[in-house]
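Open the model in your viewer and keep the sequence panel beside it. This tour tells you what to select at each stop and what you will find there.

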Amino acid sequence: MVTVRYVESQCKSALNRVQGMPFDWSLNPYRGCRHRCSYCYARTTHAFMGLNAGSDFDSVIFAKVNLPEVLRRELRRPGWSRPAVAIGTATDPYQPIEGRYRLTRSCLAVLAEAANPANIITKGTLVVRDTDLLLELARRAGCGVNVSLISLDQAIWRAFEPGTPPPAKRLEALRRLAGAGVPCGLALAPVLPRLTDSLPALEAVVRAAADNGAQWLWSGTLHFEPVVRDWFLQALQRHFPRILPDYERVFGASGEETRQRYAPTAYAAGLSKRVSDLKVRYGLAGDHRPAPRLGQFIAPEERQPGGEHLPVYRQLPLPA
Ligand code: SF4
């Protein structure tokens, strides 16, 4: 049995400069995540605290209790040009602990007060609680909520995201945000080879996004640092042992040297094309961003002509 430990911690800075990502600044109210997604690339951040990327990431959760005050100070710094801040890049800002600490809510209030745009990514349905502040921020500066969902399949949800709200609940949250007028879309990432990358599986998510009011959709592939790969492969071994050899062939077996940290380029390109075609089909291909300063989370999309007919795909090939 896992004992969950919540730790109140102080932070020296609220905003982190990020390189090599589609956003420049990030904000994370917590460290660790009770949503426990086995593929989570943020697991490696627990090593900074001398903890492991597996069970410790899932069960030792740090709450940065002074974050709103530090953020307020940083937003007043001379020379701060109010770039969009990405919230939830290394933890889920609406995981259950937010119900107690309300740090994400307090930070949204500070951002709205400073008219500083922000984007949120979350699997937590608690985000709906903050509809008032999200609307205020959208009006004053620009904001967007990216509801994260990789599959509608119950077996995949239970196997790889055991602490998250069920897919249907996340879609309901998306629908409620959209209905209230909050700019929101869907993050379909990471797509899991052999598990969630078939055309029917992807289509089910894209259709559900469109049906529930998403204004945009973006997708992404796996990023496996070695410790994350090893943790994910354990889950794969438990729940889908038949496809374990496919992953080991591409990414390396548990404990071995990493073969590659990202999905192969040709695979990623095929996936991107597949999702782009589906977005055309379901009306999510254009630039639906309502707030001009919104989009650092949203990969630029090429407009696709037509969209009446989808090509027929076979299984995406993973290289031998
Ligand atoms: S919800 Fe996000 S931060 Fe939390 S475990 Fe899942 S992928 Fe990681």
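Two strands pair if DSSP finds at least two bridges between them. Helices (H or I, at least four residues) and strands (E, at least two) are DSSP runs, numbered from the N terminus. This is a predicted model: local features need pLDDT of at least 70, side-chain atom pairs count only at pLDDT 80 or more, and totals for chains, interfaces and linings use all residues. Residues are numbered from 1 along each chain as its sequence is written.

**Stop 1**

Select strand β4, residues 30-31, and strand β5. They pair in the antiparallel sense over two bridges. Click on Y30: A63 in β5 stands opposite. Which residue in β5 is the bridge partner of V7? It is F62.

Show the three strands together. They form an open sheet in the order β1-β5-β4, with mixed pairing. β1 and β4 are the edge strands, each pairing on one side only. Strands of a sheet pair through backbone hydrogen bonds, either parallel or antiparallel.

**Stop 2: the seven-stranded sheet**

Next, select the strands β2-β3-β6-β7-β8-β9-β10. That is their order in an open sheet of seven strands, again with mixed pairing. Look for the edges: β2 (16-17) and β10 (217-219) each pair on one side only. Then zoom in on β8 (residues 143-148) and β9 (residues 184-188). These two pair in the parallel sense over four bridges. Pick S148 and find its bridge partner in β9, A187.

**Stop 3: helices α2 and α4**

Select α2 (residues 67-75) and α4 (residues 103-113). Their axes come within 9 Å and cross at roughly 20°. Axes are lines fitted to C-alpha atoms, for helices over the stretch in contact, and angles run from 0 to 180 degrees between N-to-C directions. The crossing angle makes α2 roughly parallel to α4. Angles under 35 degrees count as roughly parallel, over 145 as roughly antiparallel, 65 to 115 as roughly perpendicular and the rest as oblique.

Now show side chains. On α2, the contact is made by L67, P68, L71, R72 and L75; on α4, by L103, S106, C107 and V110. Residues are in contact if their C-beta atoms, placed from the backbone, lie within 7 Å. By class, this contact has seven nonpolar, one polar and one charged residues. Ala, Val, Leu, Ile, Met, Phe, Trp, Tyr, Cys and Pro count as nonpolar, Asp, Glu, Lys and Arg as charged, and the others, Gly among them, as polar.

**Stop 4: helices α8 and α11**

Move to α8 (residues 199-211) and α11 (residues 265-281). They pack at about 45°, with their axes 10 Å apart. That makes α8 oblique to α11. Select L199, L202, E203 and V206 of α8, then R274, V275, L278 and K279 of α11: these make the contact. It has five nonpolar, no polar and three charged residues.

**Stop 5: around the ligand**

Finish at the ligand. Select C33, H35, R36, C37, C40, A42, T91, D92 and K123, which surround the ligand.

Key:
Two residues are in contact if their C-beta atoms, placed from the backbone, lie within 7 Å. A residue is near a molecule or strand if its C-beta atom, placed from the backbone, lies within 6 Å of it.
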